[in-house]
Structures are given as structure tokens and as C-alpha cells.
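Subject: Structure handover

Hello,

Here is the structure we talked about. Please open it alongside this note; my findings follow below.

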Amino acid sequence: MPDSFFASTKTRKRKRSVSTAEGARGAKKILRKGKSSSQDTKLSNASARRGARGAADEELNSDRTDSEGGVIDDIDLRADIQPETSGDEDEQETPAEKRLRLAKLYLESVKGDLAEGEFDAAEIDRELISERLRQDVLEHSGKVHLFVADFYDFTSTSSLRCRGHRFSVTSAVASDDAQFLYTSGKEGTINKWSLQSGKKIATFYKQRISKGKEKALPQDIQGHTDEILSLAVSSDGRYLASGSKDRRVGVWDVEKDEWVKGFGGHKDSVSSVTFRKGTQQLYTGSFDRTVKLFDLSAMGYVETLFGHQDTILCLDALRGETAVTAGARDRTIRFWKIADESQLVFRGGGKSAIRELLEGGAFEGHQDEEHVNGVEVDGPKSNKSKEKMKESKYAEGSIECVAMIDETTFVSGGDTGSICLWNTQKKKPVYTQTVCHGFHEVQSTTEGLVRTPRWITAVASLRYSDMFASGSWDGDVRFWKLDQKLRSFSLVGSIPAPGVVNSLQLLVLPKGALDNASWREKEQRPPTKSPVQPTLLVVGLGQEHRLGRWLSMKGEGVTNATTVHIIYPRT
């Protein structure tokens, strides 16, 4: 026998009679307000009629039940579909309408950036905007999309030499619009140069602390008090960040040419600073083995990343929330996923090219290469064996520099003179090019001629392209081209650079920039429409390495200077 509770729905409906209860409550309120009895009678009669109509409606709609067998409450449904009274138009937009509105705003901003009176509307609509949108999409994809290395002519360049430091140049960077150049030296000063005229326009001097102010707080000092090791410029060109041996990160407003703030927190020298592309997020690496994050839009500290077991010598980042660091003698490269609070560890420390050749039995071929480079290997077999024993000691002990090519690919240089190509999908190098800058020879009274590979002191990539550059102290900056599958690279050219290369930067020259520069050579070549723009190369040179004095280059033409080169595409 079915349960009496489920036998009929009319009983439940009578119990849920909302209108009658509302009428009773309304009558009691009117009585409390002192209304007349006639009005009470009318109200009770009206309530009764409403209750009767409600019961009739429930009987007509008795077949409308929900999925669980219960009756659907019409009052609740009406409450759910009541229109909102917030008045905010954005909340009433559909996702498609919102995307359309944001796209229109973006196109207006692009027109405002590009249309400065020198283009008509049709040209802007057809060429400039479409090219800008395509470039933004490709950059946000985070992959290599510029295969341009074959288009450049490295034998014909325009060059500018900036000399303004007493000691070695430790870092040199140009703004993204190629209007200004910033250089730092071991003496602790920062120079600001105009790339249009090639002249120095401002200098930020080292702060000297007198004996009476030795206990001054660091935040009260408007500048650095020791050598400056690294510089970085934000994408909008407003802020310049500097890392120094005084353990502070300096922030300068280069539009006003003044000190903004100094961040502490590092316990040792700040060796490398870089901005995340397109933002004001600043990453810093230090000899204290940590990476710190700062947000310059709020002028605040964000977090600290731990992992390296030795000093951090180099740091690089692109558009994504990632960074890559070189850990010197812990022989690791760490790829930081900042949003996920995780890191990938890539271990270097491979054998040198000489040892690999010796163990592989290819020493004869290596002799030919040395002969081409101007080093002859002759003598009896016993001398060769002795030389093999000496050279077999060389193994990579330190990773000196690193540069990101795209969001998943990067290159590194070490003290064996080898350049390694890495990918985040593989723990070992994808490709290794050995002895990239030749050998450094020293005559010893006891050992005779001692030859060691020149280590890689700096690397830089043309962002999201197949070209990167490396430097040492052999007198040249060498350019390398990646293959289409990013599995190997080869030498494509070089530019003279006498001295120790302490800093490198590659930048696509914006259209129209430096066309009227006083130092730029007027092109005598026939006008041709090239698919690529000229590239700007910034080289920081010195007689010594930026981190120490174990090298001293005093040959002909070696000076403490910064050279800027415009590399033109082939005609």
C-alpha cells in the first residue's frame, strides 16, 4: 500500500497555500495600525478570493512537476528571472559583444600609435594595423617566427663608439625605441647617450659616503656606492634598473633623469637584472644564489626564488611569466615557472671539445682546425701525447651566461668556450658547438705554451628569431644561425670588437628610427624593399672582465668603450 504522504498532492498544496497566509499576515498588520473593521472585512474577503484563485491555479498546473516528483514553485521561478537593477552595461554584455568592444578599443589604440600624420587611412588599415596585429599574435605565441639570419650583411655596418668610462664597461643597453643608450662602468657611474647625435646627455654618479655618514640608512642614499654590474630598461622606456656590488637594486626615472628608489634584500652583489617584456616586472639575480621579483608599477617587492647552489651570473626573461638563470659553478641552468612556483633544472658540466675529440679519436682533424686558426701543431709523437695529457684536463667548470630565444628555447655559454642549445622538453643540450672563440695562449716558464679555450663572456639573441650573438676576448662578436627545427646552429658572420665583451644586446631597429642620426652612414646601395628591418647591436667592451681582474687586454685598439652597430639586410 503506498504511503499516505504520496497519495495525493492536494494535501501538500493546501499546506503550501502562500496567498492565504499572506492575507492573514496582511490583516494582522492592518489591525495593528488601527484600521476600521469594514476595511478588515474587505481585506479578508479579498485575501480569500486570492486564496481561491491560487488553489484553482494549482489544480490546473498539477501536472507540472520537477524531476524529483515535486511541484514547481511558480513564485520561485518569477523571483529568479527578475531583471537586475545594477545599471551596469558591462554586466549585460554577452561575451561576443565584450570581445568586439575590446577589439575596437585595441584597434583605436594601434591607430593612435601608428598614425602620426605621415600615413593615410587606407595605408594604415591595409598594412600597418594588419602587420601590427600579426606581430602581436606571433609574439604572444612564444615561438620563433623570425627567420632572418640569412638576410643580413655583416660586412657592411654603421658604427658608433661611445667613450665615457674610466674603467671597463660592465653593461650597455639601448631602449626599445632606439633613442637612448645607457652604459655602466666599474667606476660606479651610469651614462645616458642620445643615439641620434651620439653624445652623452646625462650622468648618474657614484655616491661617496664620508666618515660622518657611514651609518646612513641605505634608503637615504640617492644612488649606488659601488661598482655597477648590470643594467636593464623597461619596455616603455620609463625606468632604468641597475644592479650593483652594494647589494642594492636601483630604479631610475630616465624621463626625468633622477633616482626613484633603491631595493634592498639581497645579501651579496646583484649581478644581473632584467625586465619582463611588455611589463614593469623586474627580475634580479645575485651572488647570494637567489632571484627576486619586484613590481615597479607599485614600487614593491613580490617574492624570492631559491634553488641555485652557487652565484647567479646571468638572468634573462621574455614576455611570459618565466625566467632563466645561469648558476656559475653549480653548473646548472634553471628555468623558473613563476606562476606555478616551480623550476626546471638543466645540468651542464660537459667535457670540453678537446677531451671529446681525444676520446673520440679525432685529434688529427682537430689539428687541421687549429692550423686554420693560426695555431700549428707539429713535433714528434711523444710531444703530441704530452699535449693530449695536458688538454684532457679541461672540463666545463662554470656556466657564465644565458639568453632566451623564445619561451621554450635558450642558449648558454661556459668556461670551455662551448655554446649549448637547450629546450625545456629535454634535460641535456640539444646541440653543442665547441671552441667557439678559439684558444687563449699563455707562455709559461715551466709548462711551455699553455692553451685554454676562451670562455664565452656574453650571449644575446634577437628575440623570437633564429639569430643570436656571442662574445669573448678574441676580438670578434660572432653571429650564429639556428636551423628551421631549432636543433642546431652554425656561424654566419662576425663583427670586430677589440677587448673583453662584457655585454651584448640585439634589437630590431624600429621603422624610421635613426634615419637622421649624425653618425649613420648614408646608404649608397640601390633602394630595395627588404623583408626584414635593420638590426641594432650594442657591445659593451673593456680591458678587464666585468666581475674581476684576472684578464687584462692592453693591445692595440682595446679601450673601455661601447660600440653600436647597425646591421643592414642584404640588397
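**A four-stranded sheet**

Four strands make up an open sheet, in the order β2-β3-β4-β5, and their pairing is antiparallel. Which strands stand at the edges? They are β2 (169-174) and β5 (200-204). Each has a single partner strand, so one side of each is left without a neighbour in the sheet. On average, neighbouring strands here are turned by 20° against each other, direction ignored. Please keep in mind that this is a predicted model.

Now strand by strand. β2 and β3 run antiparallel and are joined by five bridges. Within that pairing, Val169 stands opposite Gly185 in β3. The two strands form a hairpin with five residues between them. In its turn, Ala178 has a positive phi of about 60°.

Strand β3 covers residues 180-185. Is it mostly covered or mostly open? Mostly covered: five of its six residues are buried.

β3 also pairs with β4, again in the antiparallel sense, over five bridges. Ser184 has Ile190 in β4 as its bridge partner. This hairpin has four residues between the strands, and Gly188 takes a positive phi near 95°.

β4 (residues 190-194) then pairs with β5 over four bridges, also antiparallel. Asn191 stands opposite Thr203 in β5.

One side-chain contact belongs with this part. The charged end of Lys192 sits over the ring of Phe180, 4.6 Å from its centre.

**Aromatic pairs**

How many aromatic pairs are there? The count comes to 13. Two of them get a closer look here.

Take Trp252 and Trp259. Their ring centres are 4.8 Å apart and their planes stand at 85°. Planes over 60 degrees apart count as edge-to-face, so this pair is edge-to-face. Are the two residues buried or exposed? The cut-off for buried is under 20% relative accessible area. Trp252 has 5% relative accessibility, so it counts as buried. Trp259 is buried as well, with a relative accessible area of 12%.

Next, Trp455 and Trp473. This aromatic pair is edge-to-face too, at 4.9 Å centre to centre with 75° between the planes. It links distant parts of the chain, 18 residues apart. Where do the two residues lie? Trp455 is in the loop between β23 (448-453) and β24 (458-461). Trp473 is in the loop between β25 (467-471) and β26 (476-482). Both Trp455 and Trp473 are buried.

Another charge-over-ring contact: Arg451 lies over the face of Phe439, at 5.3 Å from the ring centre.

**A cluster and a second hairpin region**

Which residues form one aromatic cluster? They are Phe335, Phe346, Phe410 and Trp422.

Phe346 also turns up in a strand pairing: Ile333 stands opposite Phe346 in β17. Strand β16 (residues 332-337) and strand β17 (residues 342-347) run antiparallel, with six bridges joining them. They form a hairpin with four residues between them. In the turn, Glu341 has a positive phi of about 55°.

Best regards

Terms used:
Residues are numbered from 1 along each chain as its sequence is written. This is a predicted model: local features need pLDDT of at least 70, side-chain atom pairs count only at pLDDT 80 or more; totals for chains, interfaces and linings use all residues. Side-chain values use heavy atoms; hydrogens and water are left out. Two strands pair if DSSP finds at least two bridges between them. Axes are lines fitted to C-alpha atoms, for helices over the stretch in contact, and angles run from 0 to 180 degrees between N-to-C directions. Buried means under 20% relative accessible area, exposed over 50%, partly exposed in between (1.4 Å probe, protein chains only). Rings of Phe, Tyr and Trp (its six-membered ring) pair if their centres lie within 6.5 Å; planes under 30 degrees apart count as stacked, over 60 as edge-to-face and the rest as tilted. A charge sits over a ring if NZ of Lys or CZ of Arg is within 6 Å of the ring centre and within 35 degrees of the ring normal.
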